[in-house]
Amino acid sequence: MSRINLMSKNIKRFLRISFALFSSQYSLMIEYRAEIALWAISGMLPLIMLGIWRESGISLALSLNKDWLTRYFISAFIVRQFTAVWVMVSFEEDNLEGRLSPYLLQPIMPFWRYFFSHIAEQFSRIPIVLIMLLLVFISMPGAFWFPDFGHLMISIFAIFSAFCVRFLLHWLFSMICFWTDRASALERLLLIPYLFLSGLVAPLEAFPDSIKTFALFTPFPYILSFPSRLLAGQEINIIKNFLILFLWGLVLILLGHYFWKLGLKRYSGMGA
Amino acid sequence: MTAISVRSISKSYQISEKSPGIKAALMHMFVRKTKNILAVNKLDFDIEEGEIVGFIGSNGAGKTTTLKMLCGLIHPSSGSINVAGHIPVLRQNSFLNKITLVMGQKQQLIWDLPPLDSLRVNAAVYGLSNREAKKRIEELSTMLELGNELYRPVRKLSLGQRMKSELLAALLHRPSILFLDEPTLGLDINSQIRVRKFLVEYNKKFGATILLTSHYMGDITSLCKRVLLINEGKLFHDGMLLELTEKLSPYRCVNIELTSPIPREQFIQLGNIVKYDQNLIELLIPRSELTNSLTTLLNNFPIKDLEVKDPPIEKLIGNLLEKGQINL
């Protein structure tokens, strides 16, 4: 079989597995639609921050325009909704309860099961996010905007890339389960830099220069601030930000792969 | 041809120990006492293609740890394993396509969806075409006597139906080596019989090699000619089930019916008296003395009927598993 045929066969197989995993996980998510709605509502922090920033005088002191802030936080709300990651909790549960063992005995990396479970969840929350956006625009009609098609597509791609990098970051930290059995406390720890360095509670413009410089050396601003500003149609260096995002992705893939191999040697098949 | 070859494998774990109470908990926070547990100790055995082998032992004897090493879930501390020509821990796709592990107390089916959803995922993962998957699902569901259950959410199925669906999911890719860890755990007697019947059928139809652990001796006696008995991580017996009976019980059971009663004292020198009830006597006689004792009985006692048999294997192994140790 030629190399091209083999590659095409592998791609077809992967697409079929992806679709099967996605559709089964989507069916599962639909079973819990009330829970999905609650999760979506729990991601309202950027809208709360919008209310705080619009009404405070700090924005004026920092010369941040109210319309600019409004679009930024509405975009951050959308980005946050579609970059939510809980793989550390799921992986920890599966590891402790022995569900990881049957996954490990199938000819597909368990990584993909968690990945498509997240993608399915994001699809299932689309209607809920649209309703929430509708309510936001009804309450603030002046804030409505809709990006042109090209802009929308590139923003969706940036959000998906940001999700992948965030997922890879959490996946890497999930590997700690192989050493300590539990990793969910680390997720809480990871939430702090994510909240403050990603631009979720305040745009990076509001940070002192030293903190802003520090933040830009971490993956967090590229996970939230970059796609949010892109979606809001604000000025940003698209190529540079995409390149940094991909670089982080590559580093996390390599580290994730290394620690996965190392961790499996320590796997005790607990609970199974 | 050898399907499974195990050479001197051992597995040790490090576990931390803690005494009860708040003081011990505080101490445990800062200083951990650890202990090495040798779960499996230098096991050696081979299993031929198509064999059904029972893997028995008391709780904590090392059965599940061994199964986990055989299917590549955990690394042995020492020794080597070859399963279907592969080193299990490498978990190559070609190896994973040949094996399956079914754990009676664990499930791979998605709890809130019908088994068919999980089967669709398995079919894609194992690269089965839709037509082939459908054909296999029909074939296996007929063998397992599963019907509409495949369309109901797993959480709504009975334990027996769930176990049969688990077996279907685990065997959809038609593995040639089956590791079954307590596959009939918690099932009622009818479901147990159905699962056993299915395993025999699957073994005959596809020539599959089966290594089975079970605490239900019915599973072992009805499925396995050969058994591996493991105790405290060490292999105690590898051979025919009948040989194990001889090993576990160096006695034979002799039931005697007399034409007229004989005083109890006269039987003491012949063996252990298990039962003495007028004309009916049951003796346990050491195998080495059986011929002499029977000759004495037939020549000197008014025998109406006499039966010599082995103590039931279920009882022997059951006692063994209950005690958790082997006393010779």
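**Figure 1. A salt bridge in chain A, with R125(A) and E121(A) as the partners.** In this predicted model, the two side chains come together with 2.9 Å from N to O. Are these two residues buried or exposed? Both R125(A) and E121(A) are buried. Zooming out, the salt bridges over all chains come to 19, and the next views pick up a few others.

**Figure 2. Helix α5 of chain B, where R136(B) meets E132(B).** The closest N and O atoms of this salt bridge are 2.8 Å apart. R136(B) and E132(B) sit four residues apart in the helix, so about one helical turn separates them. Their surroundings are worth a look, too. R136(B) has 12% relative accessibility and therefore counts as buried, while E132(B), with a relative accessible area of 22%, is partly exposed.

**Figure 3. E139(B) reaches R174(B) through a salt bridge.** Here the N-to-O distance is 2.8 Å. Which parts of the chain does this pair link? E139(B) belongs to helix α5 of chain B, whereas R174(B) is in the loop between α6 and β6 of chain B, and the two are 35 residues apart, so described as distant parts of the chain. E139(B) counts as partly exposed at 22% relative accessibility. R174(B) is partly exposed as well, at 29%.

**Figure 4. A salt-bridge network in chain A.** Shared partners join E93(A), D94(A), E97(A) and R99(A) into one network of salt bridges.

**Figure 5. Strand β6 of chain B and its neighbours.** On one side of the pairing list is strand β5 (residues 99-103) of chain B, which runs parallel to β6(B) and is joined to it by five bridges. M103(B) has D181(B) of β6(B) as its bridge partner. Strand β7 (residues 209-213) of chain B also pairs with β6(B) in the parallel sense, again over five bridges.

**Figure 6. The side chains of β6(B), and where they point.** I177(B), F179(B) and D181(B) point one way from the strand. L178(B) and L180(B) go the other way, and all of these residues are buried. Why is β6(B) described as largely enclosed by the rest of the structure? Because five of its five residues are buried.

**Figure 7. Two non-glycine residues of chain B with positive phi, E182(B) and E145(B).** Most residues other than glycine have a negative phi, which makes these backbones worth a close-up. E182(B) has a phi of about 50 degrees. You'll find E182(B) in the loop between β6 (177-181) and α7 (189-206) of chain B, and at 9% relative accessibility it counts as buried. For E145(B), phi is about 60 degrees. E145(B) lies in the loop between α5 (130-143) and α6 (159-171) of chain B, and its 42% relative accessibility makes it partly exposed.

**Figure 8. The interface between chain A and chain B.** About 2,600 Å² is buried between the two chains, with 59% of it on carbon and sulfur atoms. How many residues does the contact take from each chain? Chain A gives 30 residues and chain B gives 32 residues. By the rule used, one salt bridge crosses the interface. E31(A) and R155(B) form a salt bridge, with their closest N and O atoms 4.0 Å apart. Six residue pairs are in polar contact across the interface. On the side of chain A that touches chain B, α1 (3-31), α7 (100-104) and α16 (238-266) of chain A each supply at least two residues. The largest share of that side, 12 residues, comes from α1(A).

Figure 9. Of the 328 residues in chain B, 49% are buried. Among contacts in chain B with a separation of 6 or more, 71% are between residues 24 or more positions apart.

Notes: Residues are numbered from 1 along each chain as its sequence is written. Chains are lettered from A and ligands numbered from 1 in the order in which they are written. This is a predicted model: local features need pLDDT of at least 70, side-chain atom pairs count only at pLDDT 80 or more; totals for chains, interfaces and linings use all residues. Side-chain values use heavy atoms; hydrogens and water are left out. Buried means under 20% relative accessible area, exposed over 50%, partly exposed in between (1.4 Å probe, protein chains only). Two strands pair if DSSP finds at least two bridges between them. Contact means heavy atoms within 4.5 Å. Buried area is the accessible area (1.4 Å probe) that two parts lose on being put together, summed over both. A polar contact is a pair of N or O atoms within 3.5 Å; within protein, one must be able to donate a hydrogen and the other to accept it, and residues adjacent in sequence count only if both atoms are side-chain atoms.
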